[in-house]
Amino acid sequence: MLPLTSLAADGPRLSPIVAGVWRMAYWGWSAQERLRWIEQSVELGVTSFDHADIYGGYSVEALFGEALALASPSLRQRLQIVSKCGIKLVTPARPEHRIKHYDTTAAHIIASAETSLRALGVERLDLLLVHRPDPLMDADEVAGAFAALRDAGKVAHFGASNFAPATFELLASRFPLSTNQIELHPLHRAPFSDGTLDQLQRLRIRPMIWSPLAGGALLSGDGEAERRVQAALARVAGRHGCTAATVAFAWLLRLPSRPLPVAGSRRIEALRDAVAALQLTLSAQDWAEIWQAAAGRELP
Amino acid sequence: MLPLTSLAADGPRLSPIVAGVWRMAYWGWSAQERLRWIEQSVELGVTSFDHADIYGGYSVEALFGEALALASPSLRQRLQIVSKCGIKLVTPARPEHRIKHYDTTAAHIIASAETSLRALGVERLDLLLVHRPDPLMDADEVAGAFAALRDAGKVAHFGASNFAPATFELLASRFPLSTNQIELHPLHRAPFSDGTLDQLQRLRIRPMIWSPLAGGALLSGDGEAERRVQAALARVAGRHGCTAATVAFAWLLRLPSRPLPVAGSRRIEALRDAVAALQLTLSAQDWAEIWQAAAGRELP
Amino acid sequence: MLPLTSLAADGPRLSPIVAGVWRMAYWGWSAQERLRWIEQSVELGVTSFDHADIYGGYSVEALFGEALALASPSLRQRLQIVSKCGIKLVTPARPEHRIKHYDTTAAHIIASAETSLRALGVERLDLLLVHRPDPLMDADEVAGAFAALRDAGKVAHFGASNFAPATFELLASRFPLSTNQIELHPLHRAPFSDGTLDQLQRLRIRPMIWSPLAGGALLSGDGEAERRVQAALARVAGRHGCTAATVAFAWLLRLPSRPLPVAGSRRIEALRDAVAALQLTLSAQDWAEIWQAAAGRELP
């Protein structure tokens with residue numbers, strides 16, 4: 001088992017690699033197959049699962065909950081569940097949405113969390129994130145909803161996702177946040193220069209990382225930068241005797257803000273590649289080689 | 001009458017819609033006509049007037065003061081006056097200026113405020129703003145000038161205009177600020193992402209908004225984005241039975257930073273459109289529809 | 001003699017113009033010639049010298065130390081030495097570096113400072129800077145290294161170079177910093193708008209400025225903007241009866257963040273031009289004229 005690790009001083013304890021289930025609705029699996037995947041993840045030490053109300057057009061939480069209902073109580077007690085709220089998608093499942101928009105009213109945050117709990121069949125979320133910065137977000141109102149969910153025992157910890165530093169600072173000024181879940185990989189380096197990672201390190205709050213493999217482009221994309229990164233990952237992997245995917249995860253795990261990558265694949269081997277990265281510490285030169293390949297130029 | 005509303009915890013109380021007079025010099029009106037316009041604004045509840053030393057080539061404050069001299073004392077007591085300082089324009093009225101520049105020395109700020117008081121014929125400004133961020137601004141010196149003007153009873157409250165968040169934080173670290181008056185409308189959305197609105201909401205300081213209609217482009221511009229916004233405003237206006245201008249003001253009033261728009265038109269109907277927006281709360285979907293039309297893409 | 005001036009409340013005292021020696025390895029001088037240049041700098045009041053471990057491919061500190069070994073103890077006692085660490089260059093002098101990268105581990109910072117002390121032949125650095133923001137920088141570890149060097153009496157004060165505001169805030173949250181040494185000149189105005197100068201003024205920490213003459217382009221470059229700046233500098237210089245270089249330094253010295261320019265020339269006349277700027281206070285109009293020439297447009 002991997003030991004759980006704290007996201008922040010008073011934050012939740014999650015597995016150092018988190019399994020992302022955003023595409024579970026497209027895996028075409030039976031509840032038993034989904035349960036088997038969950039069990040195999042847990043066997044690898046990946047006990048934390050990253051959800052959002054909207055994944056699979058508002059269907060993934062229920063698919064996961066259906067599988068979980070077949071599990072033993074002892075398995076269920078070992079899981080940590082992360083979910084998100086605040087986006088309203090246009091989808092047949094929500095006919096009242098005529099345009100994609102955000103909703104970070106207290107009423108919606110509370111209702112969304114309660115819907116997530118019912119669909120997942122769990123009593124408490126370990127972590128609930130505001131999915132996107134909403135231009136209409138009233139931080140006091142969000143803080144009020146968070147406090148109500150916490151006091152009702154429905155959600156243990158709270159955070160943000162895709163927040164710019166100023167938006168994170170705003171919400172953190174009203175309620176303690178445990179993470180900012182952001183996109184980060186060698187082909188998306190903005191968080192290195194826009195203050196996102198500096199802020200989180202300063203606040204001793206660890207980022208969660210979505211799309212750690214750039215949706216697969218790090219391994220198989222055919223753009224120019226993508227091919228340069230693939231070659232660099234292959235060189236480093238060759239030196240360390242591991243897979244390119246393991247190097248890509250190790251590249252993130254090397255950061256001083258101590259991120260938790262969200263690995264989002266139905267393939268257990270993909271989770272295994274991610275977990276293997278926990279044993280691999282890249283040298284600063286390995287790290288720079290991948291950065292340089294991605295940027296197409298030396299570090300400045 | 002509209003109730004006055006506080007810009008910040010210890011800030012001035014202004015009407016929720018502010019009348020902007022920056023073009024008054026070009027209206028070609030007599031003092032009596034100007035007084036009539038002021039009276040009509042006040043009848044609508046728009047009792048706050050937004051000035052700057054430089055408006056009309058340093059002429060508007062005197063034109064306004066000339067009209068005000070004809071008013072009854074009871075009318076004059078109901079007004080709130082905002083002005084600005086710190087820009088030095090090249091104009092026949094200031095032959096010593098050979099190039100546009102800024103001046104935020106204490107001597108200039110104090111002299112400019114005193115000139116504004118004399119031109120307006122009032123004893124005190126309710127609010128004085130530094131008009132633009134001056135690369136040569138010494139924040140301690142500005143704070144000293146603000147304190148001197150406050151202690152002399154000449155200006156009640158102070159703020160900034162067009163300040164980036166870092167510049168606002170600098171000046172606010174030396175003296176309490178009551179607002180940052182910024183440009184904001186669907187075609188100028190930078191303040192949503194550059195930290196400006198997040199900072200103000202965090203500090204519980206309300207923005208004032210200049211150019212809320214993009215100088216009229218929201219209603220009559222013929223660029224591609226402008227026409228998309230016009231169509232969206234018309235659709236929303238149709239659903240609510242109001243004018244497109246009212247929807248444009250309601251789009252701003254919907255923001256959690258609780259902005260005060262500055263409506264700058266000689267047409268009393270235009271002020272009426274703005275005031276009507278105080279009664280209109282756009283849904284998040286209406287709001288997103290206008291954002292999406294302006295951006296040419298969905299919210300992310 | 002120029003009086004020394006403090007970089008920050010508890011910062012080091014440096015001469016208001018600092019001599020930069022980054023190109024000393026290319027001057028082709030004997031140790032005696034280097035000593036003569038140091039003596040002449042000191043005679044001008046320029047007693048602070050700006051180094052980095054990597055200058056001249058890791059050779060300049062030793063060249064400087066060799067000259068200093070020939071100096072009288074009284075001269076040596078009058079100098080202030082600044083150095084930097086954290087970049088690892090690919091160079092024959094460091095065969096273990098296969099790619100340019102950064103290293104801000106405690107082990108490297110301490111070893112680099114000790115190597116600098118030995119090469120320079122001095123017992124203490126007055127100021128040590130982290131040369132570039134390192135994506136792998138663990139601020140707690142850097143702070144630990146700074147504390148160890150300070151407690152051992154090896155380095156008196158610490159700072160950063162080329163840090164964005166968020167990175168500076170991060171490291172300053174762990175250890176008191178005395179400066180951020182940045183590039184700034186009329187053709188590189190980003191620090192005016194990206195928060196760098198606002199942050200430093202707010203924190204009452206003075207910037208050091210590298211490349212104050214844009215590597216000479218302000219005086220002799222032939223790009224369009226460069227020629228406009230040269231013409232503006234010449235006009236202002238003509239009015240003040242000084243050199244264009246003196247005006248360029250005065251343009252920086254006019255800033256309220258009170259920068260210390262690093263003048264990097266083997267020509268003593270060039271240092272004299274910089275020192276002369278300490279006696280020249282540009283008017284706001286002179287300053288704006290140079291800004292406008294560089295930007296190709298009025299101040300906004």
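## Pairing of strand 5 in chain B

S83(B) lies opposite L128(B), a residue of strand 8 of chain B. The model discussed here is a predicted one. Strand 5 and strand 8 (residues 125-130) of chain B run parallel and are joined by four bridges.

Strand 5 (residues 80-85) of chain B also pairs with strand 4 (residues 48-50) of chain B, again in parallel, through three bridges. Two facing pairs can be named here: S48(B) is opposite Q80(B) in strand 5, and D50(B) is opposite V82(B) in strand 5. In general, the strands of a sheet are paired by backbone hydrogen bonds, in either a parallel or an antiparallel manner.

## The barrel of chain B

These pairings belong to a closed arrangement. In chain B, eight strands close into a barrel in the order 3-4-5-8-9-10-11-12, with parallel pairing. Direction ignored, neighbouring strands of this sheet are turned against each other by 30° on average.

## Burial of strand 5

How many of the six residues of strand 5 of chain B are buried? Six of the six are, so the strand is largely enclosed by the rest of the structure. The covering applies to both faces of strand 5 of chain B. On one side the buried residues are Q80(B), V82(B) and K84(B), and on the other they are I81(B), S83(B) and C85(B).

Is D103(B) buried or exposed? Its relative accessibility is 12%, which is under the 20% limit, and D103(B) therefore counts as buried.

The side chain of D103(B) forms a polar contact of 2.7 Å with the side chain of K88(B). When neighbours within four places in sequence are left aside, the residues in contact with D103(B) are G86(B), K88(B), H108(B) and D134(B).

## A217(C) and helix 10 of chain C

In chain C, A217(C) is part of helix 10 (residues 217-220). Because its relative accessibility is 15%, A217(C) counts as buried. With residues up to four places away in sequence not counted, A217(C) touches E226(C) and Q230(C).

A217(C) and G56(C) are 161 residues apart along the chain. Their C-alpha atoms are separated by 22 Å.

## The interface of chain B and chain A

The contact between these chains involves 21 residues from chain B and 20 residues from chain A. About 2,000 Å² of area is buried between chain B and chain A, and carbon and sulfur atoms give 54% of this area.

Polar interactions are also found at this interface. The rule identifies 15 residue pairs in polar contact across the interface of chain B and chain A, with both residues at pLDDT 80 or more. Four salt bridges are counted between chain B and chain A. D140(A) and R204(B) form a salt bridge, in which the closest N and O atoms are 2.6 Å apart. On the side of chain B that touches chain A, helix 9 (196-203) and helix 14 (284-295) of chain B each supply at least two residues. Helix 14 of chain B gives the largest share of that side, with seven residues.

Key: Residues are numbered from 1 along each chain as its sequence is written. Chains are lettered from A and ligands numbered from 1 in the order in which they are written. This is a predicted model: local features need pLDDT of at least 70, side-chain atom pairs count only at pLDDT 80 or more; totals for chains, interfaces and linings use all residues. Side-chain values use heavy atoms; hydrogens and water are left out. Buried means under 20% relative accessible area, exposed over 50%, partly exposed in between (1.4 Å probe, protein chains only). A polar contact is a pair of N or O atoms within 3.5 Å; within protein, one must be able to donate a hydrogen and the other to accept it, and residues adjacent in sequence count only if both atoms are side-chain atoms. Contact means heavy atoms within 4.5 Å. Two strands pair if DSSP finds at least two bridges between them. Axes are lines fitted to C-alpha atoms, for helices over the stretch in contact, and angles run from 0 to 180 degrees between N-to-C directions. Buried area is the accessible area (1.4 Å probe) that two parts lose on being put together, summed over both. A salt bridge is a side-chain nitrogen of Lys or Arg within 4 Å of a carboxyl oxygen of Asp or Glu.
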